[in-house]
Amino acid sequence: MKFPISRRHFLGGAASVASMSVLGKSAFAQGLKLPSSPVTLNIIDAAGNLALTQPIFDNYVAKHPELVSNIIFNKAPSPELPGKIKAQQRANRVDIDMVIIGPDALSAGLADDIWVDIGSMTDTGLPDFKEIYQEPAYRMQGLSKGRGVTVTYYPSGPLISYMPEKVKTAPTTAEELLAWTKENPQKFIYARPANSGPGRTFLMGLPYLLGDKDPTDPTNGWEKTWAYLKEMHKNIEYYPAGTGALMKEFGEGTRDMTVTTTGWDINPRALGVVPKEAKVGMLKSFHWVCDAHYLSIPKGVADEKIAVMLDMIKFALQPEQQAYTYDKGYFYPGPAVRDVTLEMAPKESQDVIAEYGRPEYADWIANNPIELPLEPAALVTAFRRWDEEVAAG
């Protein structure tokens, strides 16, 4: 869930930057032909990503009215989206042209084989990902198995966020965090991992914090993690369905501490949902568990629309367009592509990061390991075990 942001700032000159379009070709991507008249695209955002990428889509429509007449955007809860698409495919009535998703919906969709295999297509016009992506973003691209294209990336978390007037001595280890929740029942909160970036990052980051046997194997390698979460469960009132609802409680003072990420630290404070004075910290043995958002296309979409969307994806990966993803810190930093600096972003983004960013983030990002999230099948397993063994109590 993303807090609403109203803005239509355009990077100077970005809307007129050449898109390196494939319009000079009659066909590409294994013979997929571009449409003879503009199409309407239906895009579902299940990651809160439009706050970062809406201007990019707007820029593409403005530049290519001969390809796209309109884009209809809708939002959907991440856990529900793959099932909805699967039902449409069974009925041969797919009306969702593209989705913006995180590793959660990506993984569920891979399990059901609902995404177009973009990676196996030839002559798509897409760039060499290894050449353009930041190194962790390129590793995140590998998780998609070719069924999506990374459009935004950030190191994520797990970090802890707390109100300094209520938490005089912040925990510095996972053990101290658990002890704090016991001493302050119902004052710590995190959201259901299957529908929360911070919740998901906390779940995957604990094996590193606790020194578990195999942080990549939630079935056989998370003995300490599952025991820890079950013990912590005794001190938690409930788990919100999404991060937005959680931040509202945290900001209102119902809770004193939560888990967070760089973006969920900066953005709610910038929007006034969480007080500016909220503090952030990391725990001993901390590893970043990075996150990304993907553009994926459901199977069953018309070929001419796929042709347009591949061109639009290429446009979205240009540095000038990637600079919009700094946004108001929601996915900080945001760009998946290398060498996209904050100075390239709209002034509004620069001002927000200057006021609400954390100087320590640059050091933390540079000097702590950055791990990939779980492989899709393992992530699905972790979500199921958390739902059944932790939340069910």
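In the predicted model, the cover over the buried residues of helix α2 includes β3 (39-45), β5 (98-101) and α3 (103-112). Helix α2 spans residues 81-90, and its buried residues are L81, P82, I85, Q88 and Q89. These residues lie on the same side of α2, because the arc they cover around the axis is only 125 degrees. After α2 comes N92, which has a positive phi near 55 degrees.

Helix α3, which forms part of the cover over α2, is itself largely enclosed by the rest of the structure, since seven of its 10 residues are buried. The buried residues of α3 are P103, D104, A105, L106, S107, G109 and L110. They pack against α2, β5, α5 (135-143), α7 (197-210), β11 (288-296) and α15 (376-391). Helix α3 is followed by D113, and the phi of D113 is positive, near 55 degrees.

Two of the elements that pack against the buried residues of α3, namely α7 and α15, also pack against each other, at an angle of about 100 degrees and with their axes 12 Å apart. An angle of 65 to 115 degrees counts as roughly perpendicular, and α7 and α15 are therefore placed in that class. On the α7 side the contact is made by R200, L203 and M204, and on the α15 side by L379, A382, F383 and W386. By class, this contact of α7 with α15 comprises six nonpolar residues, no polar residues and one charged residue.

A further helix pair is formed by α1 (residues 50-63) and α11 (residues 303-316), whose axes are 10 Å apart and meet at an angle of about 120 degrees. The two helices are therefore oblique to each other. The crossing of α1 past α11 is right-handed. Helix α1 contributes I56, F57, N59, Y60 and K63 to the contact, and helix α11 contributes V308, D311, M312, F315 and A316. Seven nonpolar residues, one polar residue and two charged residues make up the contact of α1 with α11.

Helices α6 and α8 (residues 223-233) pack at an angle of about 20 degrees, with an axis separation of 9 Å. This makes α6 roughly parallel to α8, because angles under 35 degrees fall in that class. In this pair α6 passes α8 in a left-handed crossing. Contact is made through A174, L177, L178, T181 and K182 of α6 and through Y228, E231 and M232 of α8. The contact of α6 with α8 divides into five nonpolar residues, one polar residue and two charged residues.

Backbone geometry was also examined. Most residues other than glycine have a negative phi, and most peptide bonds are trans. Besides N92 after α2 and D113 after α3, a positive phi is found at Q186, where it is about 70 degrees although the residue is not a glycine. Q186 lies in the loop between α6 (174-183) and β8 (188-189). The relative accessibility of Q186 is 40%, so this residue counts as partly exposed. D339, likewise not a glycine, has a positive phi of about 60 degrees. The position of D339 is in the loop between β12 and α13 (347-356). D339 is classed as exposed because its relative accessible area is 69%, against a cut-off of over 50%.

The bond from G157 to P158 is cis, with omega near 10 degrees, and P158 is in the loop between β6 (149-157) and β7 (159-162). The bond from Y332 to P333 is also cis, with omega near 0 degrees. P333 is placed in the loop between α12 (319-322) and β12 (334-335). The C-alpha atoms of P333 and A362 are 10.0 Å apart in space, while the two residues are separated by 29 residues in sequence. A362 belongs to helix α14 (residues 360-367). With a relative accessible area of 55%, A362 is exposed.

Methods
Residues are numbered from 1 along each chain as its sequence is written. This is a predicted model: local features need pLDDT of at least 70, side-chain atom pairs count only at pLDDT 80 or more; totals for chains, interfaces and linings use all residues. Side-chain values use heavy atoms; hydrogens and water are left out. Axes are lines fitted to C-alpha atoms, for helices over the stretch in contact, and angles run from 0 to 180 degrees between N-to-C directions. Helices (H or I, at least four residues) and strands (E, at least two) are DSSP runs, numbered from the N terminus. Angles under 35 degrees count as roughly parallel, over 145 as roughly antiparallel, 65 to 115 as roughly perpendicular and the rest as oblique. A crossing is left-handed if the near helix is turned anticlockwise from the far one by less than a right angle, and right-handed if clockwise. Contact means heavy atoms within 4.5 Å. Ala, Val, Leu, Ile, Met, Phe, Trp, Tyr, Cys and Pro count as nonpolar, Asp, Glu, Lys and Arg as charged, and the others, Gly among them, as polar. Buried means under 20% relative accessible area, exposed over 50%, partly exposed in between (1.4 Å probe, protein chains only). The arc is that of the directions from the helix axis to the C-beta atoms.
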